[in-house]
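Subject: Structure handover

Hello,

Please look through it first; my notes on what was found follow below.

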Amino acid sequence: MVKLDQIQQTIKPELAKLNAIIADTLRSQSALTDHIVTDYLRTKGKQIRPVLVLLSAKLFNGINERVLNAGAAIELLHNASLIHDDVIDQSMSRRGLPTVNSVWDNHVAVLVGDYFVSGALACAVRAGDMRVLNSLSTMGADLAMGEIDQIDNARNREITEEVYMTIISRKTASLFTSCVEVGGITSGADDASLEKLKRFAELLGQCFQIKDDTFDYFDDPVVGKPTGNDLREGKITLPLIYALGRKELPDSAEMNKLAHKPDLNDEEINRLVEYAKAGGGIDYAFRTMERLRKEADALLADFPDSETVDAFKSIFSYIITRNK
């Protein structure tokens with residue numbers, strides 16, 4: 001299976017143009033803003049989302065200037081959400097580098113995040129199709145509502161697998177869906193094919209979040225034990241949801257009662273983490289991801305064989321097998 005960096009190589013010139021659009025859009029007459037933006041853009045991460053935009057366009061009628069602006073809009077809005085998330089979470093680092101809020105304080109970080117949002121809107125306008133703006137606005141609302149729903153559920157710790165899947169579809173998968181949607185729109189995709197690719201992207205986004213959630217159950221190289229951060233924030237994710245639902249397990253009643261405590265100490269968090277793992281929660285999460293991948297592969301089977309279809313399959317495999 002092709003690796004992510006190999007996929008990026010197939011669209012390297014186009015990805016470079018997209019990143020140039022981002023840098024040009026964010027250039028300002030403020031020395032401080034330019035300094036912060038330049039530092040921030042120095043580390044771009046895996047750029048899975050703009051890659052999805054470009055691949056979706058490539059799958060249809062090819063990558064053009066409108067596609068590049070749509071992809072830049074998505075990436076700018078995504079990064080705005082990360083900057084704001086770091087403020088909310090009081091994060092001190094991201095991708096191994098200090099966050100904007102840790103260097104410049106929350107006030108500046110929020111304003112920089114807002115500046116990224118304005119840049120996203122400018123790029124969306126240059127994409128030349130109101131459907132791109134509509135996709136971004138819908139996605140932005142879904143991202144916010146997904147996070148709000150998660151906070152609401154964390155307060156009473158009442159969550160089922162169905163509710164969990166709805167939350168991650170909004171807070172994570174909606175961004176993946178918007179990526180392929182704007183790529184398809186700006187490359188002239190037909191509606192029926194684009195709907196299939198959007199469903200593929202939703203499955204990919206769900207899988208991304210499920211895999212992310214499993215990391216909380218394994219040893220962190222810094223602290224040397226499972227972080228349990230989700231439980232510390234009141235979030236019950238798929239591995240624990242599954243284990244708590246297995247009423248036949250020993251200590252089921254006790255663990256269900258413990259999971260609903262409003263405040264958990266470190267020992268209680270570790271007990272729930274171990275219970276989820278012993279109860280088959282991690283295995284169930286991987287079975288769920290494989291089920292999502294099978295559905296995704298069936299959707300891709302409706303498209304003619306191509307390097308781009310193979311790239312989409314490879315991204316799905318990368319999501320499942322990644323280590324962070």
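Helix α13, residues 252-259, packs against helix α14, residues 266-278, in this predicted model. Their axes are 11 Å apart and the angle between them is about 130°. An angle of that size makes α13 oblique to α14. The crossing of α13 past α14 is left-handed. On the α13 side the contact is made by S252, E254, M255, L258 and A259, and on the α14 side by E268, R271, L272 and Y275.

Helix α5, residues 65-89, and α7 have axes that come within 8 Å and cross at roughly 165°. Because angles over 145 degrees count as roughly antiparallel, α5 is roughly antiparallel to α7. Here too the crossing is described by its hand: α5 passes α7 in a left-handed crossing. The contact of α5 with α7 is made up of 15 nonpolar, six polar and two charged residues.

Most residues other than glycine have a negative phi. D105 has a positive one, near 85°. D105 sits in the loop between α6 (100-104) and α7 (106-126), and with a relative accessibility of 40% D105 counts as partly exposed. The other residue is D251, whose phi is near 70°, again a positive value in a residue other than glycine. D251 belongs to the loop between α12 (238-245) and α13. The relative accessible area of D251 is 46%, so D251 is partly exposed.

Now the salt bridges. How many are there in the model? The count comes to 19. I will go through some of them.

R27 and D24 meet through their side chains in a salt bridge, with 2.6 Å from N to O. R27 is exposed, because its relative accessible area of 53% is over the 50% limit. D24, at 47% relative accessibility, is partly exposed.

E202 forms a salt bridge with R199, and the closest N and O atoms are 2.8 Å apart. Both residues belong to helix α10 (residues 191-214); they are three residues apart there, so about one helical turn separates them. E202 is partly exposed at a relative accessible area of 25%, and R199 is partly exposed at 28%.

E290 and R293 make a salt bridge with their side chains, at 2.7 Å from N to O. What separates E290 from R293 in helix α15? The two are three residues apart in that helix, which spans residues 281-300, and this means a separation of about one helical turn. Is R293 buried or exposed? R293 is buried, with a relative accessible area of 19%, because buried means under 20%. E290 is partly exposed, at 31% relative accessibility.

Salt bridges also link R66, D129 and R131 in a network.

The last item is K58, which is located in helix α4, residues 48-59. K58 has a relative accessible area of 29% and is therefore partly exposed. Which residues does K58 touch, leaving out those up to four places away in sequence? They are T10, I11, I63, E307 and T308. K58 and V309 are 251 residues apart along the chain, and their C-alpha atoms are separated by 9.8 Å.

If you want an order for going through the model, I would start with the α13 and α14 contact, then turn to the contact of α5 with α7, and then look at D105 in its loop and D251 in its own. The salt bridges of R27 with D24, E202 with R199 and E290 with R293 can follow, and K58 with the residues it touches can close the list.

Regards

Terms used: Residues numbered from 1 in each chain as written. Predicted model: local features only at pLDDT ≥ 70, side-chain atom pairs only at ≥ 80, totals over all residues. Heavy atoms only, no water. Axes fitted to C-alpha atoms, helices over the stretch in contact; angles between N-to-C directions. Helix = DSSP H or I, 4+ residues; strand = E, 2+ residues; numbered from the N terminus. Parallel < 35°, antiparallel > 145°, perpendicular 65-115°, else oblique. Left-handed = near helix turned anticlockwise from the far one by under 90°. Contact = heavy atoms within 4.5 Å. Salt bridge = Lys/Arg side-chain N within 4 Å of Asp/Glu carboxyl O. Buried < 20%, exposed > 50% of the residue type's maximum accessible area, 1.4 Å probe, protein only. Nonpolar A, V, L, I, M, F, W, Y, C, P; charged D, E, K, R; others polar.
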